[in-house]
Amino acid sequence: MASFRSDVDRLLSLLRSGRSAIVIATHEEREAVELIHTVALMLGQTVSEWSSTIGVREAMLADTPAIPDTENAAAGMHLLAEKHADRVCLLLDVGMHLSDPCTLRALRDLVARAHARDGCVVLIEHDAANLPPVVRSHATFFELSLPTDKDLKDLVRTVVQHAHRRSPITIELSRPDLDAIVENLRGLTRRQATLIIQSTFADDRRLDASDLAIVVAEKRRMLQADGLLEYVETPTDINDVGGLTRLKHWLDRRAHAFDANAQSFGITPPRGVLLLGVQGAGKSLSAKAIATAWKRPLLRLDPGSLYDRYVGESERRLRDCLRQAEAMAPIVLWIDEIEKGFASAGAESNDGGLSKRMFGTLLTWMQEHRAPVFFVATANDIEALPPELLRKGRFDEIFFVDLPNDAAREAIFRIHLRRRNRDPNDFDLTQLVAQSSGYSGAEIEQAIVSSLHQAFGERADLTSEHIAAALRESPPLSVTMRERIDSLRAWASGRCVPAD
């Protein structure tokens, strides 16, 4: 596998350079152990392994019994330091034991002895956040690569062939179908991808184009269980989004800018947009419109889920998210209300500079990433945005999403009435458009929902008057927060491109 070979080369380089402590933070323990054994064999090294359930044993010899009385972490590392420091010492989940001073001392002694005897201590941790600062400062962190498209294609074949030998599987998969499945497995580990592939034929012993839906659903479930990147459902048609005429035109002109022909023509693929606007005016819908227009998955990153109490862990989580987003490319990556996620980045804060470091990591990635990840950020409060975010080159364009005009409001009424099984031509849209001046798309939708409840309670058909009454009873945000919206419009004038 291409990614495995890359990991082998990188780990070989670290060991040959004399690194005495390496940390691999991963949930894929089996894959990490296989990597370490492969590299050790290439170097002619032996691997001694410790875990709290087994103790110390010769890891590369099958069925080797453990050395008695070494299950205790301090005792195990003391033995390794005394007798095995000239080899690769593999420690599984030792981090949770390092709150004990004796165990921490034993680990430091082991690392020092390994350094003196040309050995190496490798820690495989499911959560590296609990490692003490002194360990983190002396260790080199190593990240396992995610499988490439070729790896995933080979994995599909291997998993299916293995299952077919046990129980026949009917395969009706064209090359484009296989490519689509592989594309939707991007960003997952080999173990995760294997589980999803197995689920496609588990019930019916068939693998065909219809199984793509299973792949998408299972991947969404796995990502949402992780809690960092979230799949977002998008409209199936750009016409399901009312208004945003200029934004749609901008997207249409760049729909093929990611093709090889565009790059040979001299076009640099677009990198991202900032959507600034009135609350409820449709910025989130605009992000969905981008994904819909370009037929790309939309993933939302919630900055609040990244912050962790352990030093360095928040930054690692952000890097992992961005790395996963690149591995899943081509996608649209969306951060909603970015000013709240990095609220302390533009001002003095009491978080020890964490927000500024996180924001700096994001800005660097925005500037330097090469994978086809289109970044969309939305914001309500321009004053809370750090000025570095607005510098030229960060975004391809800054759009201002204002309250919908007459034509956009009519389109919004039509969309939401059709969505609720009503014929828009049965309503006085001219009256409703006039009465809804100053209302956002979200407020128009809510008025229709409220009027449906009213009509249902009266056991009557929905009418224009029901909707008009709902509009009158709920004044829009443009009235209750007029001064703030006027200020936002004044700032955007001449600085942003109107989205409509």
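Colleague: Hi! At what angle do H16 and H18 pack, and how far apart are their axes?
Modeller: Helix H16 (residues 406-419) packs on helix H18 (residues 441-457) at about 40°, and their axes are 10 Å apart. That makes H16 oblique to H18. Oblique is what remains once angles under 35 degrees are called roughly parallel, over 145 roughly antiparallel and 65 to 115 roughly perpendicular. The axes are lines fitted to C-alpha atoms, for helices over the stretch in contact, with angles from 0 to 180 degrees between N-to-C directions. One caution: this is a predicted model, where local features need pLDDT of at least 70, side-chain atom pairs count only at pLDDT 80 or more, and totals for chains, interfaces and linings use all residues. Residues are numbered from 1 along each chain as its sequence is written, and side-chain values use heavy atoms, leaving out hydrogens and water.

Colleague: Thanks! Which residues meet there?
Modeller: From H16 come Arg409, Ile412, Phe413, His416 and Leu417, and they meet Gly441, Ile444, Glu445 and Ile448 of H18. Contact here means heavy atoms within 4.5 Å. By class, the contact has 5 nonpolar, 2 polar and 2 charged residues. Ala, Val, Leu, Ile, Met, Phe, Trp, Tyr, Cys and Pro count as nonpolar, Asp, Glu, Lys and Arg as charged, and the others, Gly among them, as polar.

Colleague: Zooming out, how many helices and strands are in the chain?
Modeller: The chain has 21 helices and 15 strands. Along its principal axes, the C-alpha trace spans about 85 × 60 × 55 Å.

Colleague: And what share of the residues is buried?
Modeller: Of the 500 residues in the chain, 48% are buried. Buried means under 20% relative accessible area, exposed over 50% and partly exposed in between, with a 1.4 Å probe and protein chains only.

Colleague: How many residues does the largest nonpolar core have?
Modeller: That core has 66 residues, and those with the most contacts inside it are Leu333, Ile338, Leu362, Phe374, Phe375 and Val376. Helix H15 (residues 354-368) gives the most to this core, with 7 residues. A nonpolar core is a set of buried Ala, Val, Leu, Ile, Met, Phe, Trp, Tyr and Cys residues joined through side-chain atoms within 4.5 Å.

Colleague: What does isoleucine 338 touch?
Modeller: Not counting residues up to four places away in sequence, isoleucine 338 touches Leu362, Phe375, Ala377, Thr378, Ala379, Leu385 and Leu389.

Colleague: New topic: is glutamate 49 buried or exposed?
Modeller: Glutamate 49 counts as buried, at 6% relative accessibility. Its place is in strand E2 (residues 47-51). Leaving aside neighbours within four places in sequence, the contacts of glutamate 49 include Val33, Arg57 and Leu90.

Colleague: How about cysteine 120, buried or exposed?
Modeller: Cysteine 120 is buried, with a relative accessible area of 3%, and lies in strand E5 (residues 120-125). The C-alpha atoms of cysteine 120 and leucine 15 are separated by 7.3 Å, although the two residues are 105 apart along the chain.

Colleague: Last one: what is phi of arginine 459?
Modeller: Phi of arginine 459 is near 55°, a positive value in a residue other than glycine. Arginine 459 sits in the loop between H18 and helix H19 (464-473), and is exposed, with a relative accessible area of 68%.

Methods
Helices (H or I, at least four residues) and strands (E, at least two) are DSSP runs, numbered from the N terminus.
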